[in-house]
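I opened a new notebook page for this chain.

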Amino acid sequence: MNNAGIYGEAREPRRYRELLTVNFLGPLRVTDALTPLLADDANVVMVTSGIGELSKVTPRVRQVLADPALDRTKLLALVDECL
């Protein structure tokens with residue numbers, strides 16, 4: 001179970017980068033590192049607070065995130081674009 005993150009307004013590029021790095025890339029990297037240790041039938045659960053909801057993202061980003069064809073490669077490309 002991943003449940004960690006930081007809160008704050010992303011009003012400047014440095015802070016936005018910091019928030020994405022901790023709140024998105026952090027859990028991704030931990031999950032990637034631990035996946036080889038998990039049983040074949042294990043589940044990974046991501047927990048977030050209300051701050052993790054998507055009401056403040058642009059309509060284009062919301063559309064990309066809602067696309068059923070979204071995969072890891074496309075998601076990482078979106079995060080790179082945002083960074």
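Entry 1: I started with the side chains of Arg14 and Glu12, which form a salt bridge with N and O 3.2 Å apart. I noted the cut-off: a salt bridge needs a side-chain nitrogen of Lys or Arg within 4 Å of a carboxyl oxygen of Asp or Glu. Then I looked up how open each partner is. Arg14 is exposed, at 53% relative accessible area. Glu12 is partly exposed, at 39%. The words have limits: buried is under 20% relative accessible area, exposed is over 50%, and partly exposed is in between, with a 1.4 Å probe and protein chains only.

**Entry 2: ground rules.** I wrote down that this is a predicted model, where local features need pLDDT of at least 70 and side-chain atom pairs count only at pLDDT 80 or more, while totals for chains, interfaces and linings use all residues. Residues are numbered from 1 along each chain as its sequence is written, and side-chain values use heavy atoms, with hydrogens and water left out.

**Entry 3: the overall layout.** How many helices and strands does the chain have? I found three helices and zero strands. Along the sequence the pattern reads α-α-α. Helices here are DSSP runs of H or I with at least four residues, strands are runs of E with at least two, and both are numbered from the N terminus. Next I checked the extent of the chain. Its C-alpha atoms fill a box of roughly 40 × 30 × 20 Å along the principal axes.

**Entry 4: surface and contacts.** The chain has 83 residues, and 13% of them are buried. Its accessible surface comes to about 6500 Å², with 58% belonging to carbon and sulfur atoms. Such areas come from the Shrake-Rupley method with a 1.4 Å probe, and for residues only the protein chains shown count as cover. I also looked at contacts, meaning heavy atoms within 4.5 Å. Of the contacts with a separation of 6 or more, 44% are between residues 24 or more positions apart.

**Entry 5: charges.** I found 10 positive and 11 negative side chains, and the centres of the two sets lie 8 Å apart. Lys and Arg count as positive, Asp and Glu as negative; His and the chain ends are not counted. Each charge is placed at NZ of Lys, CZ of Arg, CG of Asp or CD of Glu. A search of the whole structure gave four salt bridges.

**Entry 6: Arg15.** Is Arg15 buried or exposed? It is buried, with a relative accessible area of 18%. Arg15 lies in helix 1. Leaving out residues up to four places away in sequence, Arg15 touches Ile6, Tyr7, Gly8, Glu9 and Ala10. Arg15 also forms a salt bridge with Glu18, with the closest N and O atoms 2.3 Å apart. The two are three residues apart in helix 1, so about one helical turn separates them. Glu18 is partly exposed, at 32%.

**Entry 7: a bridge between helices.** Next I looked up Glu81 and Arg60, whose side chains meet in a salt bridge at 2.3 Å, N to O. Glu81 lies in helix 3 (residues 72-82) and Arg60 in helix 2 (residues 59-66), so the pair ties together parts 21 residues apart in sequence. Glu81 is exposed, at 55% relative accessible area. Arg60 is partly exposed, at 40%.

Entry 8: Thr31 is in helix 1, which covers residues 13-34. Thr31 is buried, at 17%. Beyond four places in sequence, Thr31 touches Asn2, Val44 and Met46. Phe24 lies in helix 1 too, and is partly exposed at 21%. What does Phe24 touch, not counting residues up to four places away? I listed Leu19, Leu75, Leu76 and Val79. I also checked Phe24 against Gly5: they are 19 residues apart in sequence and 8.5 Å apart in space, C-alpha to C-alpha.

**Entry 9: a nonpolar patch.** Met1, Val45 and Val47 form a nonpolar patch on the surface, with about 290 Å² of accessible area together. Patch residues have over 30% relative accessible area and no salt bridge; like charges are joined within 9 Å, and nonpolar side chains (Val, Leu, Ile, Met, Phe, Trp, Tyr) within 5 Å. Val45 is in the loop between helix 1 and helix 2. At 37% relative accessibility, Val45 is partly exposed.
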